[in-house]
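Please look through the sequence and the model shown here before reading on. The report that follows takes up a sheet and then some helices.

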Amino acid sequence: MSKAAEPGPEAPLSSMPYPPLHTDKKFVVLSDWDGTITNRDSNDFMTDTLGYGAEKRRQGNLEILAGRETFRDEFRRMLQSVVANGHTFEECKEVLKQNISLDSGFEEFYNFCKANDIPVVIISSGMAPLIRAVLSKLIGEEESKNIEIVANDAVVQPDGKWEITYRHPSSGFGHDKSQAILPYRALPSPPTIFFFGDGVSDMSAARHADVLFVKKKPGADNDLHAYCVREGIPHVLFEDFGRALGVVRQVVDGRLSVQEALALGTA
Ligand SMILES: [Mg+2]
């Protein structure tokens, strides 16, 4: 059973309907898509290969991390650089379908959640049509329909030019991911929320999950980890969903409390 979430008094204006809440579950998994469920960030990949390049993109990420730029404005500029180079939305979709792969443990993790009645919801600052296209290619169209995507969107003009539409245009996050978690707190018996993320787009959610899993990969940017260390936000580091499953399974089985899970520090 689910009901529409209602925005709290502090919630930013939403340009899209609030996503349904899972009101009768003990556990809910909310996860970032890019670089978390996928091995590489699709928007970084587009910006690096089709837009203004990795160096400028990385500088932008660091400005966001330092709080000197908003995610919303910097991310829009990254995507605009892809459009300015003449790449249509359909072309980007095809490029991503060819180049984006899943975290090696995600399917096992997802199957565990499915078998244990735990909804898995993608909470992304990317654009829903691109995520849906890549997810369908990776796990099949039918299975993909079982995974909700709460993300930003895109408008595509007849001439192929496109731009991102933000879920929360008045928020510096563009998509304030805390709004995917906070409505659960108002439920009579709120579920335990596991949140998974890796980057600057997850900073808005980091403080609000019951158990925050932060992906850390060798050679990757690991911005969410840097943010959580700086801000003193408790979290569990994980390298892939197979490792994270070990911890999630113990919490679901009642062998670990939320506090004990966080105290592990690493999956
Ligand atoms: Mg990410």
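## A strand inside the sheet

In strand 8, the residue F213 is the bridge partner of F196, where strands are DSSP runs of E of at least two residues, helices are DSSP runs of H or I of at least four residues, and both are numbered from the N terminus. Strand 7 and strand 8 (residues 211–215) run parallel and are joined by four bridges, and two strands are said to pair if DSSP finds at least two bridges between them. Strand 7 also pairs with strand 3 (residues 27–31), in the parallel sense and over five bridges, with F27 standing opposite T192 of strand 7.

Six of the six residues of strand 7 (residues 192–197) are buried, so this strand is largely enclosed by the rest of the structure; a residue counts as buried if 20 or more other C-beta atoms, placed from the backbone, lie within 10 Å of its own. Both faces are covered, with T192, F194 and F196 buried on one side and I193, F195 and G197 buried on the other.

## How the model is read

This is a predicted model, in which local features need pLDDT of at least 70 and side-chain atom pairs count only at pLDDT 80 or more, while totals for chains, interfaces and linings use all residues. Residues are numbered from 1 along each chain as its sequence is written.

Seven strands form an open sheet with mixed pairing, in the order 6-5-4-3-7-8-9. Its edge strands, each pairing on one side only, are strand 6 (162–165) and strand 9 (236–238). Strand 5 (residues 148–156) and strand 6 run antiparallel and are joined by four bridges, and D153 stands opposite T165 in strand 6.

## Helices that pack together

Helix 3 (residues 54–65) packs against helix 4 at an angle of about 175°, with their axes 9 Å apart; axes are lines fitted to C-alpha atoms, for helices over the stretch in contact, and angles run from 0 to 180 degrees between N-to-C directions. Helix 3 and helix 4 are therefore roughly antiparallel to each other, a description used for angles over 145 degrees.

Helix 2 (residues 42–49) and helix 4 (residues 71–84) also have their axes 9 Å apart, but they pack at an angle of about 50°. The contact is made by N43, M46 and T47 of helix 2 and M78, S81 and V82 of helix 4, where contact requires C-beta atoms, placed from the backbone, within 7 Å.

Definitions and conventions
Contact = placed C-beta atoms within 7 Å. Parallel < 35°, antiparallel > 145°, perpendicular 65-115°, else oblique. Buried ≥ 20, exposed ≤ 12 C-beta atoms within 10 Å, placed from the backbone.
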